[in-house]
Amino acid sequence: MYIDEAKKARKRIEDIIVKTPLLHSDIFSKLSSNNVFMKCENLQVTGAYKIRGALNKISQLSKEEKIKGVVCSSAGNHAQGVAYASSILGIESTIVMPKTTPYLKVQSTKNYGGNTVLFGSCYDDAFLEAKRIEKEEGKVFIPPFDDFDIIYGQGTIGLEILEDLPDVDYIICPVGGGGLISGISLVAKSLNPGIKIIGVQASGAPSMYESINKGERITLEQVNTIADGIAVKSPGEKTFEIIDKYVDEIVTVTEGEIVDAFLLLSEKHKLLGEASGVVSLAALNKLNCKDKKICSIISGGNIDMLTISNLINNGLVSGGRLFCFSVELPDVPGQLVDISQILSEENANVVKLEHNQFKAMNRINNVLLEVTVETNGHEHINKIIKHFNSKGYKINIMYKG
């Protein structure tokens, strides 16, 4: 049954969506001691998997429903999927998004033809506003995850994975409300019950993780994570039941682990994934297995330039690739040369340098030097610190990861 519904969904959407590539990753394979493949939904139309479910749902609306128009709530990717699908089908769409939604996602939704409404601080607030619009204006609500047409649309990813990698052992999937992993688990378990399905949530938004552990749906008081696409306070009813039955385990990852995965994906594969999109890569070190074929789903790549910059800088710092320190120096000639000499001997590349007399504790006789250098890891940073100490300099570490 599940396979049949997913195949019907695939037929409905195949002329519009992209069959995204399944790419092997040497670096993530080496780090996890497994054979890792990446399902790149960040290369999908609209930049995320959400178009699959949205298009499957909207294409089945009656003529009367299409005339009324549709409304949805979303942190970004579902919004773009609904807006794009509606535009293709000639339907008016109203998209309610949290005020915290990144600018890129808001603007992209508008570009796809959606009438955007910014409301509330998280997905759940936007959901309530969208339901109000549905009730008062008669528009058809398009759920982001808790709907079987949506779930089967997302399940088409499972069909593609099993076609390209039929002997896959593990599928790792981001989890917000649960629509993506529900669809994939229904398809994968139908074709091969032995496949392990692992869900991943951010530690700052573990609604499904807590719900499964407690055996009932719970609602978090708040969510706090850079992975805005999976920052959901309360999981869906249908998705909770499916996940409870078909998903083998849900794990959580920290903000630091998400940032590190983002940086590795960007640097080693030249691919961009949004924070919520790379949690499946961040979770690879949570698996207690070796030499298994693993498919990590990169669910989306809609990320703005400012966020990219912040994630890269944070990743470089946490990995010991950037080191910032300050040192108070006598305001006499030659001091800057001595500092530069030490850094040169340690092969530390200066990225930024500020020489400021007014920041020094002893402003009359000293200056404060703040230096940011590019380094090769934490051991390299420790060598630099020891070298300064041996020369009698007392440095203040501003950040080193």
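Helices (H or I, at least four residues) and strands (E, at least two) are taken here as DSSP runs, numbered from the N terminus. The model is predicted, so that local features need pLDDT of at least 70 and side-chain atom pairs count only at pLDDT 80 or more, while totals for chains, interfaces and linings use all residues. Residues are numbered from 1 along each chain as its sequence is written, and side-chain values use heavy atoms, with hydrogens and water left out.

**Overall build**

- The protein chain contains 16 helices and 14 strands, and its C-alpha atoms fill a box of roughly 80 × 50 × 40 Å along the principal axes.
- Of its 401 residues, 55% count as buried, where buried means under 20% relative accessible area, exposed over 50% and partly exposed in between, with a 1.4 Å probe and protein chains only.
- Among contacts (heavy atoms within 4.5 Å) in the protein chain with a separation of 6 or more, 71% are between residues 24 or more positions apart.

**Pockets**

- On a 1 Å grid over the protein atoms alone, a cavity is a set of points where a 1.4 Å probe fits but cannot get out, a pocket is an open set with protein on both sides within 12 Å along at least five of seven lines, and lining residues have an atom within 4 Å of a point.
- The largest pocket holds about 410 Å³ of space, a volume being the space filled by probe spheres set on grid points that are joined across faces, edges and corners.
- Its lining is made of 23 residues, with Thr100, Thr225, Ile226, Asp228 and Ala231 nearest the centre.
- By class, the lining of the largest pocket comprises ten nonpolar, eight polar and five charged residues, with Ala, Val, Leu, Ile, Met, Phe, Trp, Tyr, Cys and Pro counted as nonpolar, Asp, Glu, Lys and Arg as charged, and the others, Gly among them, as polar.
- The second largest pocket holds about 280 Å³, and of the 15 residues that line this pocket, Phe127, Phe145, Asp146, Arg217 and Gly236 are the closest to its centre.
- Helix 7 (123-137) and helix 11 (237-246) each give at least two residues to the lining of the second largest pocket, and the largest share, four residues, comes from helix 7.

**Cavity**

- One cavity of 30 Å³ or more is found in a search of the whole structure, and the largest cavity has a volume of about 290 Å³.
- Tyr49, Lys50, Gly176, Gly229 and Ile230 are the closest to the centre of the largest cavity, out of 28 lining residues.
- The lining of the largest cavity divides into twelve nonpolar, 13 polar and three charged residues, and helix 9 (179-191) provides its largest share, three residues.

**Helix 12 and helix 14**

- The axes of helix 12 (residues 255-269) and helix 14 (residues 305-318) come within 9 Å and cross at roughly 105°, which makes the two helices roughly perpendicular.
- Residues making this contact include Val259 and Phe262 of helix 12 and Ile308 and Leu311 of helix 14.
- The contact residues divide into seven nonpolar, three polar and one charged.

**Threonine 219**

- Threonine 219 is placed in the loop between helix 10 (207-214) and helix 11, and counts as exposed because its relative accessibility is 57%.
- Not counting residues up to four places away in sequence, threonine 219 touches Lys233 and Ser234.
- Threonine 219 and proline 235 are 16 residues apart in sequence, with 7.7 Å from C-alpha to C-alpha.

Methods: Axes fitted to C-alpha atoms, helices over the stretch in contact; angles between N-to-C directions. Parallel < 35°, antiparallel > 145°, perpendicular 65-115°, else oblique.
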